[in-house]
Amino acid sequence: MNRIQRLLAAILLIFAASANAGQSCSEKPVTPEAVTQALALAQEVQAYLESQQAQTVVLARVGSDISKHGLRYTHAALAYRDLTDGHWIVYHKLNHCGQDEASLFRQGLANFWLDDPLEYRALVLIPAPGLQKTLLEAVNQQAGPAVHQKHYSLIAYPYETTQQNSNGWLLEMIAVAQGAQANREQAQQWLRS
């Protein structure tokens, strides 16, 4: 199994767990402890990314308990180093609370873990340098909106074009970076192949 296949397999495992991805709908205010834990984890992840000299990675978080399915991570995103100021930006799809619509968001590292996670844990998948470069090019060329379907379903079938969940969007972004055209149908065709 080559590196791209391993990366896609890891993301597909996260995809299988996506029924709990997205924004928490609770009105619970963020506590100082949560901010402290999110900042500490973000700092740890950033230090790791710097040590690996990564430019573009896949990050995953533990949003809820899905251990009964043998899985841990529920939501994944692209993270990339902004070439203008060197800061890390998390780029991902989130559903709007209580709605079947979603949007694409760009946030700092700490914000990624401020969504009331089950545990403050990160999974970092570092693609090969060539894929990192093409993922960053796809982000800079606005491929994200081109493969985004605003109709959100927690359990969206990966090859259904009328709905999409956050991890499906990420898989399609990887397909675009691997040479698929920047539209959903061709990204899904590449994933099938």
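Is Lys150 buried, exposed or partly exposed, and at what relative accessibility? At 49% relative accessibility, Lys150 counts as partly exposed, where buried means under 20% relative accessible area, exposed means over 50%, and partly exposed is in between, with a 1.4 Å probe and protein chains only.

Before I go on, a word on the basis of this talk. What you see is a predicted model, in which local features need pLDDT of at least 70 and side-chain atom pairs count only at pLDDT 80 or more, while totals for chains, interfaces and linings use all residues. Residues are numbered from 1 along each chain as its sequence is written, and side-chain values use heavy atoms, with hydrogens and water left out.

Let me stay with Lys150, whose side chain meets that of Glu101 in a salt bridge of 3.9 Å, N to O; by a salt bridge I mean a side-chain nitrogen of Lys or Arg within 4 Å of a carboxyl oxygen of Asp or Glu. Glu101 lies in the loop between β3 (88-95) and β4 (102-108), and Lys150 in the loop between α5 and α6, so the pair ties together parts that are 49 residues apart in sequence. When I name helices (H or I, at least four residues) and strands (E, at least two), these are DSSP runs, numbered from the N terminus. Glu101 is also partly exposed, with a relative accessible area of 32%.

By this rule the count comes to seven salt bridges, and Lys133 with Glu137 is one for which the closest N and O atoms are 3.9 Å apart. Both of these residues lie in helix α4 (residues 129-140), four residues apart, which is about one turn of the helix. In general, an α-helix has 3.6 residues a turn, so residues three or four places apart point the same way. Lys133 is exposed, with a relative accessible area of 55%, whereas Glu137 is partly exposed at 34%. Elsewhere, Arg72, Glu119 and Arg121 are linked in a network of salt bridges.

Which residues of helix α7 (residues 184-192) are buried? They are Arg184, Ala187 and Gln188. At the start of α7, a side-chain oxygen of Asn183 reaches to within 3.2 Å of the backbone nitrogen of Glu185.

Returning to the loop between α5 and α6, we also find Ser153 there, and at 15% relative accessibility Ser153 counts as buried. If residues up to four places away in sequence are not counted, Ser153 touches Gln163, Gln164 and Asn165. With Gln163, the side chain of Ser153 makes a side-chain polar contact of 3.4 Å, a polar contact being a pair of N or O atoms within 3.5 Å, of which, within protein, one must be able to donate a hydrogen and the other to accept it, and residues adjacent in sequence count only if both atoms are side-chain atoms.

Definitions and conventions. Contact = heavy atoms within 4.5 Å.
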